[in-house]
Every structure is written in structure tokens, then in C-alpha cells.
Amino acid sequence: LGKRAGPRETPIWKSIERLDYDGMRAITRLDHAEFRQYLDQTENTICGRHPIGVLLGAVSHLFPECPGNMDNGPQLRFVKYAQSSKVQEASDSSVSYASAYLYLPVKE
């Protein structure tokens with residue numbers, strides 16, 4: 001990361017985006033173990049990771065028969081993603097923001 005991205009290299013901000021989208025994908029699957037594995041493997045520092053984990057655990061407790069993204073089960077969708085700046089060099093800083101909603105079907 002210490003050198004400036006050349007024309008054939010992936011820009012740092014794009015790598016950050018890819019890392020963030022991988023985490024968002026794990027969250028949309030509503031699978032706490034997958035999200036935990038993502039955090040362990042990437043060491044990504046997601047502010048709110050603990051509340052996200054609690055949410056994923058609660059959803060799996062309330063809907064144990066419905067994995068995420070099934071038509072008849074709970075669904076989580078991200079609606080917005082942004083970075084505070086496009087990091088070009090390792091000395092730059094940026095914060096990523098994402099917003100999502102969770103749909104919970106009525107249990108009969």
C-alpha cells in the first residue's frame with residue numbers, strides 16, 4: 001500500500017470498496033457465522049460490527065427456518081454506500097458509510 005497506484009494497479013479506494021462490499025454481502029445473507037468469518041479474515045474495522053452481530057443473531061433466533069434472502073423470510077438490503085474520500089495513497093484516510101433496511105415478515 002505504500003506506493004502510489006500505477007495505471008495497471010487497482011486504486012486503494014477501489015480495494016476498500018471491494019472489501020466493504022464483501023462485508024455487506026455477508027450481512028445481507030443474514031448469517032452471523034459468515035459475517036464473523038469475514039471480520040476474522042479481513043480484520044476490517046467496521047464501526048457497528050457488534051450491533052450488526054446482535055441483529056444477525058436475533059434474526060436467526062426469530063426465523064431459524066428461513067435463511068436470508070428467501071422470498072418468504074427476512075431480507076436485508078443495502079440502499080446506499082459512500083466513502084468520505086477516494087484514498088490514493090496509504091497515508092490518506094477515509095471512512096465508508098452504508099445504510100440498509102431489514103424486512104421481517106409477519107409470523108403467523
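Visitor: Leaving aside its neighbours within four places in sequence, which residues is Asn 44 in contact with?

Guide: Asn 44 is in contact with Leu 19, Asp 20, Tyr 38 and Leu 39, where contact means heavy atoms within 4.5 Å. This is a predicted model, in which local features need pLDDT of at least 70, side-chain atom pairs count only at pLDDT 80 or more, and totals for chains, interfaces and linings use all residues. Residues are numbered from 1 along each chain as its sequence is written, and side-chain values use heavy atoms, with hydrogens and water left out.

Visitor: Why is Asn 44 called buried?

Guide: Buried means under 20% relative accessible area, exposed over 50%, and partly exposed in between, with a 1.4 Å probe and protein chains only. Asn 44 has 15% relative accessibility, and therefore counts as buried.

Visitor: What makes Val 79 exposed?

Guide: Its relative accessible area is 56%, so Val 79 is exposed, the cut-off being over 50%.

Visitor: What makes the pairing of the Asn 44 and Tyr 38 side chains a polar contact?

Guide: A polar contact is a pair of N or O atoms within 3.5 Å; within protein, one must be able to donate a hydrogen and the other to accept it, and residues adjacent in sequence count only if both atoms are side-chain atoms. The two side chains make such a contact at 2.8 Å.

Visitor: How do you know that the buried residues of α2 line one face of the helix?

Guide: In α2, Phe 35, Tyr 38 and Leu 39 are buried. Seen down the axis of α2, they fall within an arc of 95°, so they line one face, the arc being that of the directions from the helix axis to the C-beta atoms.

Terms used
Helix = DSSP H or I, 4+ residues; strand = E, 2+ residues; numbered from the N terminus.
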